[in-house]
Structure formats: structure tokens, C-alpha cells
Amino acid sequence: MEKFRSQLPNIAREIGSISIGSSLLAPIIYALTIRNLAWRTSFFWARLFRYDISHASELSILPPYHYTLIFRSAWSGFLLLLLWRVSNLAFDIYVAQEPLKRGQPISQDSRDPNGVLINGLQSKKPLVKTFAYWELAQISQNFPDRRVLIFRDIDRAGGPTWGQISSACLQTIQAVNARINGYGQPSPQQQQQAQSRSHEVQSLPRIGTPLKEGQVMMNPPPPCSRKEMIETKVGSFAKSIGNNPPSNYSNPFSPKQQQYLEAARNKLLTPEQQQAITPAHVQSQLNSYITSFLQSWLGQPFRQTFARRVQSIVFGQPYSQLSLIIDAINSLTSLSTASIKEDAYGKVAKDIPVIMRTFITTYQTLERFTATLPVHWTDVHFSEDQRRSEDVLLVLSALRNGLGELVKAFGGFEKEVGIEAQDLRVAKAIAGMEG
């Protein structure tokens with residue numbers, strides 16, 4: 001509420017200046033540009049239905065304005081803009097609030113807090129899933145009592161609470177690898193359509209007579225009808241083409257005709273003009289026009305920028321899963337490091353190698369993908385420093401910090417946990433902890 005009140009004066013000043021300025025400029029713009037066209041259009045349609053209207057179509061010199069109209073329009077515009085801005089501000093403040101209720105996670109008041117949290121993590125609704133991951137990140141970092149409740153809840157339908165939570169988080173992180181590896185590959189629906197088309201053998205329509213049966217070596221009887229005569233002539237012509245095919249299908253002119261065309265071109269066109277109409281030159285000129293259009297502000301909607309393509313591939317579409325991925329990484333990291341003191345049953349330790357390997361694989365896949373993804377031809381303003389967008393850097397930073405925390409927490413007894421020596425070396429290299 002304090003944030004809402006603090007921004008109200010700035011909003012009032014902004015929309016006040018906009019409404020007053022538009023009220024003063026709108027009559028002038030209307031009188032100079034729109035008024036005459038609006039009058040002629042209205043007069044034309046009115047004459048279609050009312051014949052007794054005067055033929056005079058001249059406008060008055062002075063527009064029919066009154067000073068109260070300016071005040072009314074300024075006040076109406078102020079109220080409309082205030083409604084828009086206040087509604088937008090209230091929505092932004094409400095959505096940005098942490099998923100807490102009286103300082104506790106929103107699932108705390110339910111009879112089964114862990115069950116509500118798991119249902120949210122596995123929900124199909126993007127909004128519910130986003131808040132569930134956000135709440136999990138808050139629990140894993142700021143609420144030790146809820147962490148202990150998660151570790152101790154082992155008798156649950158579907159498996160222990162930690163197992164279901166870690167499985168949901170790992171699936172969210174591994175989905176990044178799946179989307180990157182599946183980029184450029186046909187979707188399952190396209191593969192099924194291709195397989196169905198391969199099984200459907202469709203023959204070309206028959207344009208000739210059916211094959212003869214019986215004595216095929218005997219001469220056919222002479223045609224008796226016009227249809228049979230046409231079929232005989234078409235068949236004879238097709239056989240002659242097949243028996244004596246032309247030597248060059250791409251050039252329909254004879255050598256002598258080609259010489260005449262060459263002489264006419266040399267006489268009518270200069271060498272520069274002949275060069276200008278060559279396919280290569282025309283294609284080059286067309287490419288330059290397209291590039292100039294894409295570089296202008298009109299071509300901005302048609303550019304497929306590198307950052308936009310990376311975000312759609314890595315974080316999914318139509319809605320980005322950036323927040324889910326970062327919350328999943330941070331939650332697994334915090335829960336894993338806190339399990340050393342809070343996991344009384346030791347359920348988390350056996351999953352540490354899988355978590356560390358998933359972090360490593362995702363980090364390497366994302367690094368390799370952003371370094372090798374080709375630039376789209378419409379991205380005319382691309383530079384190499386744009387290969388790492390801000391969203392990608394956030395995920396890489398979360399993975400790097402997560403690996404660093406895991407190495408600090410479990411690096412001293414990797415054999416007991418089951419971490420392979422190679423994974424530990426790679427994790428230390430990514431986290432910058434070599435030596």
C-alpha cells in the first residue's frame with residue numbers, strides 16, 4: 001500500500017500533463033486535418049437518406065468550439081488515463097507480492113501443506129505452477145521448519161515429499177536440454193504425419209488407355225470414333241517424343257535463333273545494361289533493398305533477433321519458463337545444502353549426484369547452444385556480444401552458484417554420497433573453484 005501511495009503523485013502529474021496537452025492540441029489537429037474530411041463524408045451519407053438537405057457543403061470559417069469543451073475533454077481524458085494507470089499499478093504491485101500470508105507460506109494454513117505444494121508444482125496451469133515454484137524457493141531459503149517437514153514426510157502416496165519435489169524441479173531443468181536438443185527436429189505430430197504419408201501410396205492419374213490384353217503384338221484396329229482417333233494421335237506423338245528426345249530441354253531456341261537473339265541484345269543494350277538484368281545482379285539488388293528495409297524502423301517487426309530466438313527455444317513458448325527454471329535451481333540447491341543438518345533420514349544424499357550432473361549438463365548444453373546457434377538472416381543488427389542475453393546469463397549464474405554451493409557442502413565426502421570424480425572436477429571448473 002505504501003508503494004501504491006508513493007507513486008500516485010507521479011502518476012497524477014504525468015496524466016495531468018498528457019490530458020491538458022492533448023485537449024489543447026486536439027482541436028487544432030482536428031480543424032486542420034480531420035474536420036473537412038469528416039464533414040464531406042457525413043454529408044455524402046446523409047444525402048443518400050435525406051433528399052431535402054441543402055446542397056450547401058461549405059463549412060463555417062470558425063469551428064463550432066466552446067471553451068467548456070476543452071475543459072470537459074481534459075477532465076474526461078484525465079479520468080480515463082487515471083483509471084488505466086492506477087489499474088496497471090495495482091495489478092503490478094499485487095502480482096509482485098511474495099507468496100506469503102502473515103509472514104508464512106500461503107500453503108501453511110492448509111491441512112496438508114506439502115500436498116498443496118506438490119499439487120501446485122505439478123499443476124498444468126502456468127500461473128499456479130509459477131507461484132508454487134516461487135513458494136518452494138521461499139521455503140527452501142527462509143523457512144527451516146517447512147524444510148524439516150518436507151524431509152520428514154516420507155509416507156505419502158506417490159513417494160516421499162522430497163522425491164516428488166526434486167523430480168518436479170529436475171524435470172523443469174531437464175526440459176531446457178530437451179528443447180535445445182529438439183531444436184530443428186520434427187515434432188512428434190510431424191513425424192506421425194510423415195509416417196502416415198509414407199504408407200499412403202497414391203498413383204498418378206491415368207492419362208492413356210489401359211494396357212491391352214491378349215494378342216499385344218498385333219496392330220490395333222483403326223479408330224472408329226473421334227475419341228479413339230484423338231487417343232491414337234496423342235499416343236503416337238508421345239511415342240515419337242520418347243523415341244527421339246530433344247538434346248536440350250532448357251533451351252527452346254535453335255542455334256540460329258539463339259544467334260539472332262544474341263545480336264539483338266548486343267545492338268539494343270549496352271554492356272552495363274546487360275549486366276544489370278542478369279539474375280545474379282537482380283538478386284543482389286533485391287537483397288540490398290530487403291536489408292535496407294530490415295535496418296529501418298519499419299522492418300523491426302520482421303526481424304528475428306538472436307535474443308528472441310534463444311529465449312523462445314531455451315525457455316519455451318508461448319510463455320517463458322525463466323522464473324520456474326531459476327526457482328527450481330535455487331530450491332534444489334538450498335534444500336540439498338540444508339539437508340546435511342535437517343534430513344534425519346538421509347533421503348536427499350542419494351540424489352545429490354543426479355542433481356549435480358543435471359546442473360553440469362544444462363550448463364554445458366546452454367553454453368554450447370548459445371555459442372553455435374546460427375544467426376537468422378533478418379537479424380541485421382547482430383553483434384557477437386549479443387550471444388549471451390540477460391535471461392541466459394541469469395540461468396547460467398544460478399547454475400554456477402548452485403554447483404559452487406553443492407561442491408562446498410558435499411565436496412569433502414563425495415565418495416560417501418556417490419559423486420563421481422569427473423563430475424566433481426567439472427563442477428569445480430564451472431564454479432571457478434579449481435585448485
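Buried here means under 20% relative accessible area, exposed means over 50%, and partly exposed lies in between, as found with a 1.4 Å probe and protein chains only. At 22% relative accessibility, Arg156 therefore counts as partly exposed. The views below show a predicted model, in which local features need pLDDT of at least 70 and side-chain atom pairs count only at pLDDT 80 or more, while totals for chains, interfaces and linings use all residues. Residues are numbered from 1 along each chain as its sequence is written, and side-chain values use heavy atoms, with hydrogens and water left out.

**View 1. The chain as a whole.** The chain holds 17 helices and two strands, which are DSSP runs numbered from the N terminus (helices are H or I with at least four residues, strands are E with at least two). Of its 435 residues, 27% are buried. The chain exposes about 30400 Å², of which carbon and sulfur atoms supply 59%; accessible areas come from the Shrake-Rupley method with a 1.4 Å probe, and for residues only the protein chains shown count as cover. Among contacts (heavy atoms within 4.5 Å) between residues at least 6 apart in sequence, 74% join residues at least 24 apart.

**View 2. The surroundings of Arg156.** Arg156 sits in the loop between H5 and helix H6 (161-181). Asp153 and Arg156 form a salt bridge, with their closest N and O atoms 2.8 Å apart; the term requires a side-chain nitrogen of Lys or Arg within 4 Å of a carboxyl oxygen of Asp or Glu. Asp153, at 15% relative accessibility, counts as buried. Apart from neighbours within four places in sequence, Arg156 is in contact with Asp112, Asn114, Gly115, Ile118, Thr161 and Gln164. Gly115 is 41 residues from Arg156 along the chain, and the C-alpha atoms of the two are separated by 8.9 Å.

View 3. Side chains of opposite charge can pair when their charged atoms come close. Asp423 and Arg357 meet in a salt bridge with an N to O distance of 3.2 Å. This pair links distant parts of the chain, since Asp423 lies in helix H17 (residues 421-431) and Arg357 in helix H14 (residues 352-372), 66 residues apart. Asp423 counts as buried at 13% relative accessibility, whereas Arg357 counts as partly exposed at 32%. The side chains of Arg388 and Glu367 also meet in a salt bridge, at 2.2 Å from N to O. Here too the pair links distant parts of the chain, with Arg388 in the loop between H14 and helix H15 (390-410) and Glu367 in helix H14, 21 residues apart. Arg388 is partly exposed, with a relative accessible area of 38%, and Glu367 is partly exposed at 22%.

**View 4. The packing of helices H4 and H5.** Helix H4 (residues 126-142) and helix H5 (residues 144-152) pack at an angle of about 105°, their axes being 6 Å apart. Axes are lines fitted to C-alpha atoms, for helices over the stretch in contact, and angles run from 0 to 180 degrees between N-to-C directions. H4 and H5 are therefore roughly perpendicular to each other, a term that covers angles of 65 to 115 degrees. From H4, Glu135, Ile139, Ser140, Gln141 and Asn142 meet Pro144, Arg146, Arg147 and Ile150 in H5.

Methods. Angles under 35 degrees count as roughly parallel, over 145 as roughly antiparallel, 65 to 115 as roughly perpendicular and the rest as oblique.
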